[in-house]
Amino acid sequence: MAKGTGPETVIAHGVRLEGDLVAEGDIVIEGEVHGTVKTKGDLRIGDQALVEANIEATNAVVSGEIRGNIVVHGKFELFPSSKMTGDVITEVLAIGPGAQMNGNISMGGDVVKGKKRAETVDES
């Protein structure tokens with residue numbers, strides 16, 4: 001995962017966060033997040049993580065579970081252990097064998113460019 005524009009934020013295994021998670025840099029989620037996740041950096045969701053949130057990131061790598069919609073401005077990768085339930089808008093999508101994906105997928109630069117970068121991140 002490439003380094004984002006700020007420091008890395010880690011939600012460790014055993015930690016549960018409810019609310020809005022907004023960051024300038026990369027986010028690593030190993031625990032649970034319920035709410036929204038927005039970052040100008042990259043997002044990594046670990047294999048035991050559960051994210052019930054709408055998400056926006058530059059790039060995302062998922063090994064755990066997402067329940068919510070996601071906008072990824074670059075590459076969105078679902079590893080074989082991942083489960084995704086929700087709609088995806090991304091430039092590039094990679095789905096590993098065995099990964100579960102349930103939802104609508106929209107791909108390509110024109111589609112992603114139509115989605116504005118998270119306004120709350122820009123205001124920070």
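Buried means under 20% relative accessible area, exposed means over 50%, and partly exposed lies in between, with a 1.4 Å probe and protein chains only. The model is predicted, so local features need pLDDT of at least 70 and side-chain atom pairs count only at pLDDT 80 or more, while totals for chains, interfaces and linings use all residues. Residues are numbered from 1 along each chain as its sequence is written, and side-chain values use heavy atoms, with hydrogens and water left out.

**Exercise 1.** Find which residue meets Glu24 in a salt bridge, and classify both side chains by accessibility.

*Solution.* Start with the criterion, which asks for a side-chain nitrogen of Lys or Arg within 4 Å of a carboxyl oxygen of Asp or Glu. Glu24 meets Lys40 in this way, at 3.9 Å from N to O. Finally, Glu24 is partly exposed because its relative accessible area is 30%, and Lys40 is partly exposed because its value is 27%.

**Exercise 2.** Describe the salt bridge between Glu52 and Arg67.

*Solution.* First, the N to O distance is 2.5 Å. Second, the pair links distant parts of the chain, with Glu52 in strand S6 (residues 50-57) and Arg67 in strand S8 (residues 65-67). Third, Arg67 has 38% relative accessibility and therefore counts as partly exposed, and Glu52, at 29%, is also partly exposed.

How values were computed
Helix = DSSP H or I, 4+ residues; strand = E, 2+ residues; numbered from the N terminus.
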